[in-house]
Amino acid sequence: MTIMSSQFQPVLDRIMAEIDRTPGRGRSADYIPALAARDPRRFGMAVAELDGTVYGVGEWRQPFSTQSITKVFTLALDLAREGDELWEHVGREPSGNPFNSLVQLEYENGIPRNPFINAGALVVTDRLHTRTGDAAGELLSFLRAESGNPDLGFDEEVAASETAHGDRNAALAHFMASYGNVDNEVPVLLDQYFRQCSIAASCADLALATGFLARHGIRADGGRLLSRSQAKQVNAVMLTCGTYDAAGDFAYRVGLPGKSGVGGGIIAVVPGRCTLCVWSPGLDERGNSVAGVAALDRFTTLTGLSVF
């Protein structure tokens, strides 16, 4: 079955009704105090077509903490500037370890496995900062432009909370710096990284902002950010590495390139067709939204839209 665009809203309504009946929703991220109090049963979902038409359900216009979802956008922004040279500093393989693990860095000479674990995202942010002078600001400007929402901004409470509890990320950055894989001073890099992760946006904002990956690298204004090949590369890394060490299960259930964040959001891409964002703060043991994964699973099942 191939669904018509006009049928997206009924599908979302059906998913919302099914999610409402789901008893277990996981737990909100408790290692970032500013996120710990979020109600795990909150839910929103949006679908954006290539022309910017958006369908939504639940709290789809409620801003939430984007967290690791932003790693997709910093990857695209840096890849657009330096191309394949980036891949000399970060790999493209699933890690098989938790997103904040230090285990692999030592025997892989300070080269992180992929851009979506914390170590890899730190490298990408570092390289973008070197090229722009303000990686977090560049990211925010991009998200505002692509979403059409000039009010997007940093959540200073979340940024401060992450800074106060960021010892593991500091350890990762210092360790990679010892191998020469970090250009900027570590405190500068950490400030950029924590601000990047603190951006608050809604499902509608993020579904729209992700549209360039469904349009094969073309931005909302018609300009090209990535080549068609680079957009394919970003989507491929999302599919294999975007949901921490549960990427295989996500591909099995959902069948789309996706990227999750511990704020409870997940973005997903149907190349050539649409983009999605779902939000529910309750996480499973691997850091992915329980209701979010279930909702995307139902979406691809009900619509027949998948990369497989």
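Helices (H or I, at least four residues) and strands (E, at least two) are DSSP runs, numbered from the N terminus. Counted that way, the protein chain has 14 helices and 8 strands. What you are looking at is a predicted model, where local features need pLDDT of at least 70 and side-chain atom pairs count only at pLDDT 80 or more, while totals for chains, interfaces and linings use all residues. Residues are numbered from 1 along each chain as its sequence is written, and side-chain values use heavy atoms, with hydrogens and water left out.

**The whole chain**

Let's start with the overall picture. The C-alpha trace spans about 55 × 40 × 35 Å along its principal axes. A compact globule of 308 residues would have a radius of gyration near 19 Å, and the 18 Å of the protein chain agrees with that. This radius is taken over C-alpha atoms, and the globule rule is 2.2 Å times the number of residues to the power 0.38.

How much of the chain is buried? Of the 308 residues, 58% count as buried. Here buried means under 20% relative accessible area, exposed means over 50%, and partly exposed is in between (1.4 Å probe, protein chains only). The accessible surface comes to about 11800 Å², and 49% of it belongs to carbon and sulfur atoms. Those areas come from the Shrake-Rupley method with a 1.4 Å probe; for residues, only the protein chains shown count as cover.

Contacts (heavy atoms within 4.5 Å) tell us about the chain as well. Among those between residues at least 6 apart in sequence, 69% join residues at least 24 apart.

Helix H1 (residues 8-20) has 13 residues and reaches 18 Å from its first C-alpha to its last, close to the 18 Å expected at 1.5 Å a residue. The expected span is 1.5 Å times one less than the number of residues. Which residues of H1 are buried? They are Phe 8, Val 11, Leu 12, Ile 15, Met 16, Glu 18 and Ile 19. These residues sit on the same side of H1 because they cover an arc of only 165° around the axis. The arc is that of the directions from the helix axis to the C-beta atoms. An α-helix has 3.6 residues a turn, so residues three or four places apart point the same way. The buried residues of H1 pack against strands E1 (44-49), E2 (54-58) and E8 (274-279), and against helix H14 (290-303).

Helix H7 (residues 156-164) has Val 158, Ala 159, Ser 161 and Glu 162 buried. Their arc around the axis is only 160°, which puts them on the same side of H7. Over on the other side, Glu 157 and Ala 164 are exposed. The buried residues of H7 pack against helix H2 (33-36), strand E3 (64-65) and H9.

**Annotated positions**

An unreviewed UniProt entry carries the annotation "binding site" for Ser 68, Asn 118, Glu 162, Asn 169, Tyr 193, Tyr 244 and Val 262. UniProt positions are given in the numbering used here, feature names are shortened, and annotations may be inferred rather than shown by experiment.

Take Asn 169, which lies in helix H8 (residues 167-178). Leaving aside neighbours within four places in sequence, Asn 169 is in contact with Asn 118, Leu 122, Leu 190, Tyr 193 and Phe 194. Tyr 193 has its place in helix H9 (residues 186-197).

**Some single residues**

Here is how a few residues come out on accessibility.

| Residue | Relative accessibility | Class |
|---|---|---|
| Asn 169 | 10% | buried |
| Tyr 193 | 2% | buried |
| Thr 243 | 1% | buried |
| Thr 275 | 2% | buried |
| His 216 | 23% | partly exposed |

Thr 243 lies in the loop between helix H12 (228-241) and helix H13 (247-253). Beyond neighbours within four places in sequence, Thr 243 is in contact with Phe 250, Ser 260 and Asn 288.

Thr 275 lies in strand E8.

Now for the backbone. Phi of Asn 109 is near 55°, a positive value in a residue other than glycine. Asn 109 is found in the loop between helix H4 (103-107) and helix H5 (118-132). Phi of His 216 is near 60°, again positive in a residue other than glycine, and His 216 is found in the loop between helix H11 (211-214) and H12.
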